Amino acid sequence: MPRIGHDSVVMVTGGAGFIGSAVVRHILDYMAAHVINVDKLTYAADPSATSQASFNSRYRFEHVDICDGSELRRVYRTYKPHVVLNLAAETHVDRSIDGPSEFVRTNLVGSFTLLEETLRYWRGLGAVSRSEFRFLHVSTDEVFGTLSADGMFTEDTPYAPNSPYSATKAGSDHLVRAWHQTYHLPTIITNCSNNYGPYQFPEKLIPHMVLRALGEEKLPVYGDGAQVRDWLYVEDHVCALILAAQNGVPGATYNIGGHSERTNRAVVETICDLLDALSPREGGSYHDLIEYVAERAGHDRRYAIDSTKIETDLGWRPSESFESGLKKTINWYLKNKAWCDGVRQRGYRPVRIGLGNP
Ligand SMILES: NC(=O)c1ccc[n+]([C@@H]2O[C@H](COP(=O)([O-])OP(=O)(O)OC[C@H]3O[C@@H](n4cnc5c(N)ncnc54)[C@H](O)[C@@H]3O)[C@@H](O)[C@H]2O)c1
């Protein structure tokens, strides 16, 4: 029987966020399972990203903080999930530099609390349900630190987080690993590269640049713009998470990347090329808006993911190239101008943050 079948209940934490909402939409659109979205609704949450879901009888929303053990216990008792996908987190590196405490609270204490309540629930299940249950923890390639010009992160790369964000994600990965090793909770960890796509909060590089460009604002590139990231279209990440939850081996970790290494400068230039073609400016090219500003503190130079394991063991492949995924994304922003205007009211700070003065 498939692990996420007809009567399965999938609990998604952080399901109102950028990637979590894409997971919710994917399950409701392409699978028959029920979805419980557990989210605290921070500034990063976007209820409009799951607005269609609220009409679906297979969907429930629970306004719950993953640091709240008794509420999590109630959610487990009420819905009896078969699979948990943990995406709830504080996620923006610049914010973690200015105010790390929320990151420690949600990413470390929240993950710990969720693990405690998951273990309590899992221990109360019958033998078959216990063996079929999965807890998938969604993490990042940033836990591995930075690379020089060569090499890639594999599942065996030692952790060396450099920002408060990546340090708390690394800590949560270690907790998840320990709950498997010590208590045999069937956990899986995925470490993914930078995502982009519809509904991403505009503090992240790609929507930040697209929205500023459309607003005729300067496009600030940190440092020399030569930092390299490996980009993945969000729907490709979602497919990888579903595959890992269905067929991944408990205790295993899987790296997920898009084979799309680009410098930040190249990303911004490609955005400008696409906007010049899709929505030309009256006063010249979008390239004229690019400016170079002070470097981010502790900015990692290069990330690159070797995703051979998930490709070989689980048969996953990204379906979008960087250019095709970016074109889809920019078209989505252009068609959803009302969303672009609305998101600026939701705590998006157009000023520079993360300069290392907490
Ligand atoms: N965005 C990326 O490029 C990327 C890449 C790799 C891994 N990840 C990981 O994927 C996950 C999701 O990332 P995202 O970009 O969708 O994040 P996001 O910031 O868009 O959304 C995070 C969601 O978590 C919720 N949340 C925050 N604190 C919570 C709490 N205490 N209790 C319950 N809910 C809470 C927020 O309300 C929000 O809806 C994170 O764990 C992140 O580390 C993200």
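Colleague: What does Arg302 count as, and how many C-beta neighbours does it have?

Modeller: Arg302 counts as partly exposed, because it has 18 C-beta neighbours inside 10 Å. A residue is called buried with 20 or more other C-beta atoms within 10 Å of its own, exposed with 12 or fewer, and partly exposed in between, the C-beta atoms being placed from the backbone. Please keep in mind that this is a predicted model, in which local features need a pLDDT of at least 70 and side-chain atom pairs count only at pLDDT 80 or more, while totals for chains, interfaces and linings use all residues. Residues are numbered from 1 along each chain as its sequence is written.

Colleague: Where is the place of Arg302, and which residues does it touch?

Modeller: Arg302 sits in the loop between strand 12 (290-293) and helix 10 (308-314), where helices (H or I, at least four residues) and strands (E, at least two) are DSSP runs numbered from the N terminus. Not counting residues up to four places away in sequence, Arg302 touches Thr146, Leu147, Ser148, Gln227 and Val228, a contact being two C-beta atoms, placed from the backbone, that lie within 7 Å. Val75, by comparison, is 227 residues from Arg302 in sequence and 40 Å from it in space, C-alpha to C-alpha.

Colleague: Let's step back to the whole chain. How many helices and strands are there?

Modeller: The chain has 12 helices and 12 strands. Its radius of gyration is 20 Å, close to the 21 Å that the globule rule gives for 358 residues, so the chain is as compact as a globular protein of that length. That radius is taken over C-alpha atoms, and the rule is 2.2 Å times the number of residues to the power 0.38. Along the principal axes, the C-alpha atoms fill a box of roughly 65 × 45 × 40 Å.

Colleague: And what share of the residues count as buried?

Modeller: Of the 358 residues, 45% count as buried. As for contacts between residues at least 6 apart in sequence, 82% of them join residues at least 24 apart.

Colleague: Which residues have the most contacts inside the largest nonpolar core?

Modeller: They are Val23, Leu85, Leu136, Ala213, Leu241 and Ile271, in a core of 84 residues. The largest share of this core, 7 residues, comes from helix 8 (residues 234-247). By nonpolar core I mean a set of buried Ala, Val, Leu, Ile, Met, Phe, Trp, Tyr and Cys residues joined through C-beta atoms within 7 Å. If we leave aside its neighbours within four places in sequence, Leu241 is in contact with Val23, Leu85, Leu136, Val138 and Thr190.

Colleague: Now strand 1: why is it largely enclosed by the rest of the structure?

Modeller: Strand 1 (residues 9-13) is largely enclosed because 4 of its 5 residues are buried. Strand 1 pairs in the parallel sense with strand 2 (residues 34-39) over 5 bridges, and it also runs parallel to strand 4 (residues 83-86), joined by 4 bridges; pairing here requires that DSSP finds at least two bridges between the strands. Thr13 has Val38 as its bridge partner in strand 2 and stands opposite Asn86 in strand 4.

Colleague: Which residues come nearest to the ligand?

Modeller: Gly14, Gly17, Ala44, Ala45 and Ala89 come nearest, out of 30 residues around the ligand, counted when the C-beta atom, placed from the backbone, lies within 6 Å of it. The elements that give two or more residues to this shell are helix 1, helix 4 (101-123), strand 5 (134-140) and strand 7 (194-196). Helix 1 gives the most, with 3 residues.

Colleague: How many bridges are there between strand 7 and strand 9?

Modeller: Strand 7 and strand 9 pair in the parallel sense over 3 bridges, with Tyr196 opposite Tyr233. Strand 9 (residues 228-233) is mostly covered, since 5 of its 6 residues are buried, and 3 bridges also join it to strand 11 (residues 261-263) in the antiparallel sense.
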